[in-house]
Every structure is written in structure tokens, then in C-alpha cells.
Amino acid sequence: MERPSAAAADDRVVVRNVLGPRDRHAELARDVRDGLTGPVKEIPPKYFYDARGSDLFERITAQPEYYPTRAETEILELHAADFVSDVGAHVLVEYGSGSSTKTRLLLDAMHAQGTLEGYAPVDVSEDAVHAAADLLVSEYPELQVVIVVADFDAPLDLSFAGRPRLIAFLGSTIGNFTPEAARRFMVCVAEELEPGDGFLIGFDLVKDARELEAAYDDAAGVTAAFNLNLLSVLNRELHADFDERTFRHRAFYDAGRARIEMHLVSEIAQSVRIADLDLEVRFEAGESIRTELSHKYTPESARGLLEAGGLRIRRWETDGSARFAVALAERR
Ligand SMILES: C[S@@+](CC[C@H](N)C(=O)[O-])C[C@H]1O[C@@H](n2cnc3c(N)ncnc32)[C@H](O)[C@@H]1O
């Protein structure tokens, strides 16, 4: 379903809403029921991103401990022109685009090379992506935007087929996937790529546990607020009665699995009612809900993942401190 964006009041922004509000409620209900009644309590991270969650994520990216955004920006500042010209891209498609802030570096490079035509952000957070698109069309007079409000976990028919596309997946969001889901995702991406398209992906690299844990537990408490906001999403969307004051944020690095885990820990023994699911969930004191995995990669594991999906690396760039990498890949 395609319609012009009312908010944009501009016919250069079109919205493809793959999921309607009812589908979204049904999916949240299913995920929360499955997640809170299984042996390990867990909720997928895509539900963090209501309007407040998206704002809090933006604030996380500005925290002194949260190096990934600065490191990835450094790489794009230096290499965006190479990434774009290697592909001869006319269109940028971006999974999990959020506020599209770093995206500008790629759009600027396409604009400077005189090839810029289109941008297709793909995100579940409709509010964030609309606001970003409205700003972008005012800044780039030649730009057509197709907003795709969708879950990138499912295969998607991406926009602007037939034109040379750079398909980007920044922010190390790939880290949120389990290794198996990450491989499935790569296979879907490879199927979407047409000959000549490029795939640009950001990987957060394995490093010292203290630096990693600080990035997910900043001193100002913004990541804690972001994590706890998930409970407000459940209270609002599913009429649950979580009391945020009885849960606390916890983040730790599991070196064996090379991943950060974020949890919400119940400080007391309690039962929570989720009215829309007609479900009572019991928590012991100290029991937690796992809310995010963030896998860290080595150059070898990143290459292995891309190759498992049928992709090959064309260019690999890291920031000056080798904390983060951006790979440009193509179909083999
Ligand atoms: C970690 S943020 C990264 C935002 C931005 N790309 C950056 O690098 O700063 C993840 C983004 O992906 C979106 N997202 C998370 N899970 C998603 C899913 N399953 N399908 C579509 N979008 C998703 C969120 O709404 C959010 O905008």
C-alpha cells in the first residue's frame, strides 16, 4: 500500500506501510506471550522504539561512553565517497534507519557525485522515520523518498529496483540478531541485491569488556531509561501493570559468546498482569527479562557471516582505534 505522506505535505515522500496497527498489536502480543512464558524470559529489541524509545536512543548516541556512533561516523566521513562511487549508487536503501543522521554522509556523497535520486528508509519506528524523511526532502531538492514501515526480520521487496543501489545497515544493528538469525538475514539481503548493488554494513568489533559494558551502561543513566521504557511500551500497548520502579537495568559482556546482554531485573518477587494477553507473569527477586543481545565481531567472524549469506567483501574500513568497522559487500 503506497500513499503520499500527509506529514510531509510533499509528493516526494511516499509511505509503504507493510504492517498495519492491528498486525503490529497481534505480533507484539504473540512475541510477549512467547517471550515471557518460555524458559528464558525475553522480548525482542524492536519494541524499544516507540517515539520516546527512539528519542532515548538518539541521546544514547551522544553519551561519552557510547563510542559506536562516533566511530562509525568517523569511518563514513572518511570513506562515504568511496563506498558510493564503488557502487555508482543512485539510490540509498537503509535498514533500521532511525533518525537517518549518519545517512546524510552517504547522501552528501551521492549528491556531490551528481547521482542522488532516491532514499528508502526501512524501519519499524514510524514516527522517527517520518520526521527524518521530512527533513531530508527539504535538504536535498532532487531526492525522492519511499518510507518502508516494516520489520526487516521478514523478507522484503525493497524499493527502487533497477537503479544502482547502496543498501545500508548501519549502527551495528546486525549485532542484535542471534548468529543464526544474522545468517538468515544475510541470505535475504543477498537475494535482494541485484548485480551492481552494494551492501554496506557496520560491525562493532570485539574489544575490552570494560569499554563495552560502559557503552551499554552510561553514567547518566540514558541506556537504563531506554531499557526501562520497554515496560511502558508493554503497559500502554498491552495494558500491562509493570511497575518500572521495581526493575533495574543490567548490561554485561559475555566474552565466550562475544556479546553484550541487556536485562531488566526484577528487584522483588512479584506477579505482573498483562491484560490484553489475560496473562499473569511471575518474577522471583533477581529474575530478569533479556531485552537485547549485541554481538561483537572480529574481521574473521564478520567475513564469515557475509560469506555464509553469499556475499563477498569489496572494501573494509575501520576507525582509527579499530573499535568499529564498515564493510562494503556485493553478491558473489
Ligand atoms: C540501534 S538503532 C540504529 C539507528 C541508526 N541506524 C543508527 O545507526 O544510529 C536500530 C534501528 O532499527 C530499528 N529496528 C530495530 N529492529 C527492527 C526491525 N526488526 N525491523 C525494522 N526496524 C527495526 C529501530 O527502530 C531503530 O531505528
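I looked up the largest cavity and recorded about 40 Å³ of space in it. The model is predicted, so I note from its record that local features need pLDDT of at least 70 and side-chain atom pairs pLDDT 80 or more, whereas totals for chains, interfaces and linings use all residues. Residues are numbered from 1 along each chain as its sequence is written, and side-chain values use heavy atoms, without hydrogens and water.

I noted what a cavity is: on a 1 Å grid over the protein atoms alone, a set of points where a 1.4 Å probe fits but cannot get out, with lining residues having an atom within 4 Å of a point. Its volume is the space filled by probe spheres set on the points, which are joined across faces, edges and corners. The structure holds one cavity of 30 Å³ or more.

I listed the lining of the largest cavity as Y95, F152, A154, P155, L156, F185, C188 and E192. By class, I recorded seven nonpolar, no polar and one charged residues; Ala, Val, Leu, Ile, Met, Phe, Trp, Tyr, Cys and Pro count as nonpolar, Asp, Glu, Lys and Arg as charged, and the others, Gly among them, as polar. Helix α6 (residues 179–192) gives the largest share of this lining, three residues. Helices (H or I, at least four residues) and strands (E, at least two) are DSSP runs, numbered from the N terminus.

I then turned to an open sheet of three antiparallel strands, in the order β8-β9-β12. Strands pair if DSSP finds at least two bridges between them. β8 (247–254) and β12 (288–295) are at the edges with a single partner strand each, so one side of each has no neighbour in the sheet. I found seven bridges between β9 (residues 259–266) and β12, in the antiparallel sense. H263 has R290 of β12 as its bridge partner.

Note on methods
1 Å grid on protein atoms, 1.4 Å probe; cavity = no way out; pocket = protein on both sides within 12 Å on 5 of 7 lines; lining within 4 Å.
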